[in-house]
Amino acid sequence: MEHSNGLPQTRAQAGDVNNDGRLDLNDLTLLRQLLANPDLYLALTHEQRELLDVNNDGMLSYNDVARLIELMAVSLPVDAPGESVQAMRHSVDALRQRLRERQN
């Protein structure tokens with residue numbers, strides 16, 4: 001598939017909310033802002049909504065935030081400080097706990 005300019009078109013990665021080719025805190029912040037403001041979500045294109053559905057369940061929720069954090073942790077460089085990885089894992093665990101509490 002090509003853009004109209006003849007260059008190859010790359011498929012954006014789920015969770016890359018700002019489409020910069022990386023999964024990072026900017027994506028996480030944007031995803032959380034969209035969850036907090038449904039009007040912003042409704043203004044998005046179908047393609048943008050698909051990118052936001054990080055866990056691929058057909059809807060936008062805090063489960064997508066948890067999955068994005070997991071993906072970010074996996075994409076950390078091999079030489080990332082151990083504290084960064086531990087902090088990410090702690091964030092995922094805390095978010096999962098809050099999700100379980102909301103479901104009960």
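## Helix H4

The buried residues of H4 are Asp64, Val65, Ala66, Leu68, Ile69, Glu70, Leu71 and Met72; buried means under 20% relative accessible area, exposed over 50%, and partly exposed in between, with a 1.4 Å probe and protein chains only. Helices (H or I, at least four residues) and strands (E, at least two) are DSSP runs, numbered from the N terminus. The structure is a predicted model, in which local features need pLDDT of at least 70 and side-chain atom pairs count only at pLDDT 80 or more, while totals for chains, interfaces and linings use all residues. Residues are numbered from 1 along each chain as its sequence is written, and side-chain values use heavy atoms, with hydrogens and water left out.

The end C-alpha atoms of H4 are 19 Å apart, which agrees with the 18 Å that its 13 residues should span at 1.5 Å a residue. The expected span is 1.5 Å times one less than the number of residues.

## Nonpolar core

The largest nonpolar core has 13 residues, of which Leu28, Leu31, Leu60, Val65 and Leu68 touch the most other members. H1 and H4 each supply at least two residues of this core, and the largest share, five residues, comes from H4. Such a core is a set of buried Ala, Val, Leu, Ile, Met, Phe, Trp, Tyr and Cys residues joined through side-chain atoms within 4.5 Å. In soluble globular proteins, nonpolar side chains tend to be buried together.

Leaving aside neighbours within four places in sequence, Leu31 is in contact (heavy atoms within 4.5 Å) with Val17, Leu52, Val54, Leu60, Asp64, Val65 and Leu68.

## Salt bridges

A search of the whole structure finds three salt bridges, each defined by a side-chain nitrogen of Lys or Arg within 4 Å of a carboxyl oxygen of Asp or Glu. In helix H4 (residues 62-74), Arg67 and Glu70 are three residues apart, so about one helical turn separates them. Their side chains form a salt bridge with an N to O distance of 3.2 Å. Arg67 is partly exposed at 34% relative accessible area, whereas Glu70 is buried at 19%.

Salt bridges that share partners also join Asp20, Arg22 and Asp24 into one network. Arg22 pairs with Asp20, the closest N and O atoms being 3.3 Å apart, and with Asp24 at 3.4 Å, N to O. Asp20 is partly exposed, with a relative accessible area of 31%; Asp24 counts as buried at 16%.

## Asn19 and the segment before H1

Asn19 lies in the segment before H1 and is exposed, with a relative accessible area of 52%. Its C-alpha atom is separated by 9.0 Å from that of Leu51, 32 residues apart along the chain.

## Whole chain and confidence

The secondary structure comes to five helices and zero strands. Of the 104 residues, 27% count as buried. Among contacts with a separation of 6 or more, 43% are between residues 24 or more positions apart. The chain exposes about 7500 Å², and carbon and sulfur atoms supply 51% of it; accessible areas come from the Shrake-Rupley method with a 1.4 Å probe, and for residues only the protein chains shown count as cover.

The chain averages a pLDDT of 76, and 67% of the residues score at least 70; pLDDT is the predictor's confidence in each residue, from 0 to 100. Over residues 1-9 the pLDDT is below 50, and this stretch has six contacts in the model beyond near neighbours in sequence.
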